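This briefing is meant for a reader meeting the structure for the first time. Please look over the sequence and the model below before going on to the notes.

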Amino acid sequence: MADPSITPHVSEAGRVLMRDTDQLALAVTDRLFRESPELFDKYGQRGYEKCLQDMRYNVQHLVPAVDMADPSMFTRYIEWLDELLRARNVPTRETLRCLELLRNEVFTRYKRAEVDAINAVLDAGIAVVQPK
Amino acid sequence: MTPRDEFLDALKRGDRQSAFRVVDARLASGSPLRDIYLDIVQPSMRDIGQLWQDNALTIAQEHVATAIAEASMSRVFERTFVWRDNRTPKILAACAEDERHQIGLRMLCDLLELDGWDTVYVGASVPVESLVGLVEKSNPDAIALSATIAPHVPRVRAAITAIRAANLKRQPVIAVGGRAFLSDPSLARRVGADATATDAAEAVSLLDALVRHGRAA
């Protein structure tokens with residue numbers, strides 16, 4: 001998705017997320033499976049592919065929330081996603097870890113203004129799946 | 001089982017005949033299209049969506065259910081349809097680009113059509129340029145746009161921006177709907193729409209007030 005030409009007035013933060021969706025998804029999925037190799041035993045290559053696709057969706061859902069500076073658009077998605085993944089035996093802590101890794105990735109990649117805009121939304125999403 | 005439970009059950013099993021039997025029985029007992037759409041089809045499709053989310057239905061089963069629901073609607077519409085001259089006002093209904101959840105807009109168009117409106121049902125995933133071209137050509141009084149997921153909201157906004165910038169004889173009333181707009185009523189305004197509704201029935205009365213009677217949203 002994510003063709004900037006049909007999404008006018010998009011913020012710089014939204015633009016870099018759209019541009020780098022695949023790279024971000026790949027970086028986060030690789031890190032997750034490298035730090036927790038047991039996930040390969042649990043989910044296999046198919047699980048890796050699914051995770052990669054879900055990370056693309058996560059970034060895609062981040063874009064409108066960042067672009068409209070509306071974290072609630074993202075938190076509603078994370079609530080929905082967590083319910084959906086738990087129904088498929090993916091525990092909340094793995095969803096949380098993906099978001100934390102995405103946060104780190106954003107932090108190392110972008111300029112201060114973009115990092116602030118993106119991670120304000122990501123933090124709200126992380127809070128949804130954080131253990132109470 | 002209530003007719004709604006029977007209909008949902010038929011959708012879950014992918015049983016088109018049983019679904020048709022439910023709607024035929026409702027028609028035979030005098031239920032209007034509006035009640036069949038709003039009390040049977042709409043809640044059943046919301047349940048189907050939830051069942052997919054709960055991992056109780058696969059995507060393939062959900063698609064079968066959707067196809068049967070749409071076929072059932074066609075059946076009811078066909079049997080309720082009356083020829084009418086001078087249909088007015090005109091509405092054009094389309095999903096955002098990449099958005100494929102079209103059944104709500106179809107429901108809206110069928111309800112408005114029976115109410116005397118002239119409806120142009122565009123349906124799923126329409127590129128902005130192509131949508132604007134059709135708006136310029138058909139010159140509608142109202143436009144309904146739909147998005148289910150948040151990533152499609154900027155596309156709705158892009159469509160509205162492009163429609164407002166187009167060279168039109170009159171500016172149409174623009175309404176938005178779909179799950180992406182349900183939980184936050186302020187979002188509709190922020191994408192530039194005039195109005196939003198939570199389901200097809202509310203959209204009908206809202207559009208009637210705004211377009212036919214020129215009342216403010």
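Predicted model: local features only at pLDDT ≥ 70, side-chain atom pairs only at ≥ 80, totals over all residues.

**Domains, core and packing**

In the domain assignment, chain B is divided into domain 1 (3–80) and domain 2 (90–212).

- The centres of domain 1 and domain 2 of chain B, taken over C-alpha atoms, are separated by 24 Å.
- Contact between the two involves 12 residues of domain 1 of chain B and nine residues of domain 2 of chain B, and on the domain 1 side that touches domain 2, α3 (33–53) and α4 (59–80) of chain B each supply at least two residues.

**The nonpolar core**
- The largest nonpolar core has 100 residues, and those with the most contacts inside it are A:L62, B:L108, B:A144 and B:A175.
- Because domain 1 (3–80) and domain 2 (90–212) of chain B both give residues to this core, it lies between them.
- Leaving aside neighbours within four places in sequence, B:A144 is in contact with B:I91, B:A93, B:L105, B:L108, B:A175, B:G177 and B:A203.

**The sheet of chain B**
- Five strands of chain B form an open sheet with parallel pairing, in the order β2-β1-β3-β4-β5.
- At the edges stand β2 (118–123) and β5 (195–196) of chain B, each with a single partner strand, so one side of each is left without a neighbour in the sheet.
- Strand β1 (residues 90–95) of chain B pairs with β2(B) in the parallel sense over five bridges, and B:K90 has B:D118 in β2(B) as its bridge partner.
- Helix α10 (residues 200–212) of chain B packs on this sheet, where it touches β1, β3 (142–146), β4 (173–177) and β5 of chain B, and its direction makes about 165° with that of β4(B).

**Helices of chain A**
- Helix α1 (residues 12–19) and helix α3 (residues 38–67) of chain A have axes that come within 8 Å and cross at roughly 170°, which means that α1(A) is roughly antiparallel to α3(A).
- The contact is made by A:A13, A:G14, A:L17 and A:M18 of α1(A) together with A:V59, A:L62, A:V63, A:V66 and A:D67 of α3(A).

**A buried leucine in chain A**
- A:L102, which lies in helix α5 (residues 92–109) of chain A, is buried, because 25 other C-beta atoms lie within 10 Å.
- Not counting residues up to four places away in sequence, A:L102 touches A:L24, A:V28, A:N58 and A:L122.
- A:L102 and A:L32 are 70 residues apart in sequence, while their C-alpha atoms are 10.0 Å apart in space.

Conventions:
Residues numbered from 1 in each chain as written. Chains lettered and ligands numbered in written order. Core = buried A, V, L, I, M, F, W, Y, C linked by C-beta atoms within 7 Å. Buried ≥ 20, exposed ≤ 12 C-beta atoms within 10 Å, placed from the backbone. Domains from an automatic or database assignment. Contact = placed C-beta atoms within 7 Å. Pairing = 2+ DSSP bridges. Helix = DSSP H or I, 4+ residues; strand = E, 2+ residues; numbered from the N terminus. Axes fitted to C-alpha atoms, helices over the stretch in contact; angles between N-to-C directions. Parallel < 35°, antiparallel > 145°, perpendicular 65-115°, else oblique.
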